[in-house]
Amino acid sequence: MLDWNRTVLLCKSYTLSDNIVTWGLIVQNCDCILTFVPMKKNYLEKNKPEHLIKDAKLLVVNYPKVPLTVDCVIFGFEENKLKVLVIKSDLEYYKEHYSLLGDIVNDNEELDDAAYRILKERTGMNDVFLDQVRAFSHPNRHPGGRVITVAYCSLLNINHHQLKIHDNDLNWHSLSDLTEMAFDHKEIVDQCYAWLQKRIQEHPLGFNLLPVKFSLRELQNLYEAILAVSLDRRNFRKKFASMDLLIDIDEMEQDVPHRPGKLYKFNFEKYEKSKRKWIGIDF
């Protein structure tokens, strides 16, 4: 047994010749000889002070109070143009500025539930799929104080989804016309647009924006509008032909101001079976 009265130092750590670190005591005996005495492995675990927090509610009460909101970026395709659904800001600081569809997340609400609730309350639409993109947390993004927002995004065919509410000048605006917006909403739109451009090359989202029967011209117009690039006609058609996901339905366009083209359908069934092998569309 150690004579604790003669213990002169409690070592924080001790490194042996083989580089193993352990805990121990340096003890002085009657002959003034110092000796290192390793402690049992579980000694400190049994005797260390208790630091566990017992009151979780008290802990959360002391957290900083930062509001959490959701903003919905709804992209729409119409007449070969990419548009965004925006609304006039109701904050005097941003009078006459457009903003995204957003609101506070309730205390008892999941983020996804909040996004769908806000979209329905602002537009009346309840048949739109939303993807969570990312959070925006700059301390000065809101003039009233720190507010963290989470952006949700969707891409739809405007002709397939009717706005049932038009409060605060809610309407579709061309993406290229939105140069200045309330808060940091222009940055959010730009980030979501970049996300959408990447997404549409990784997944065949664009086919949901086209008629059931479509021409390759319509398909190319869609991708050019979303990617904001001019694509070579021959290479574009070769790319989709190589994927073997288009069904030639042996019909031609009717009543068009240009040379009628063949009509196709997208083979969703074949895509579902082979999507694990899908590597995207690299233009």
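## The ground rules

Because the model is predicted, local features need pLDDT of at least 70 and side-chain atom pairs count only at pLDDT 80 or more, while totals for chains, interfaces and linings use all residues. Residues are numbered from 1 along each chain as its sequence is written, and side-chain values use heavy atoms, with hydrogens and water left out.

## The chain as a whole

The protein chain has 7 helices and 13 strands; these are DSSP runs numbered from the N terminus, helices being H or I of at least four residues and strands E of at least two. Of its 283 residues, 37% are buried, meaning under 20% relative accessible area (1.4 Å probe, protein chains only).

Now for contacts, which are heavy atoms within 4.5 Å. Among those with a separation of 6 or more, 58% link residues 24 or more positions apart.

## Helix α4 and its partner α5

Helix α4 covers residues 185–202 and α5 covers residues 216–227; their axes come within 9 Å and cross at roughly 145 degrees. Those axes are lines fitted to C-alpha atoms over the stretch in contact, with angles running from 0 to 180 degrees between N-to-C directions. On the α4 side, the contact uses Tyr-193, Leu-196, Gln-197, Ile-200 and Gln-201; α5 brings Tyr-223, Ala-225, Ile-226 and Leu-227. That makes 7 nonpolar, 2 polar and no charged residues, where Ala, Val, Leu, Ile, Met, Phe, Trp, Tyr, Cys and Pro count as nonpolar, Asp, Glu, Lys and Arg as charged, and the others, Gly among them, as polar.

The buried residues of α4 include His-185, Ile-188, Cys-192 and Leu-196. Besides α5, the buried residues of α4 pack against β4, β5, β6, β8 and β9.

## Helix α3

The 13 residues of α3 (residues 111–123) should span 18 Å at 1.5 Å a residue, and its end C-alpha atoms are 18 Å apart, so the two agree. The expected span is 1.5 Å times one less than the number of residues.

Buried in α3 are Ala-114, Ala-115, Arg-117, Ile-118, Leu-119 and Thr-123, and these pack against β4, β5, β7 and β9. After α3 comes Gly-124, with a positive phi near 85 degrees.

## A look at Ser-174

Ser-174 sits in strand β10 (residues 171–174) and counts as buried because its relative accessibility is 15%. Leaving out residues up to four places away in sequence, Ser-174 touches Leu-82 and Lys-83.

Methods: Buried < 20%, exposed > 50% of the residue type's maximum accessible area, 1.4 Å probe, protein only.
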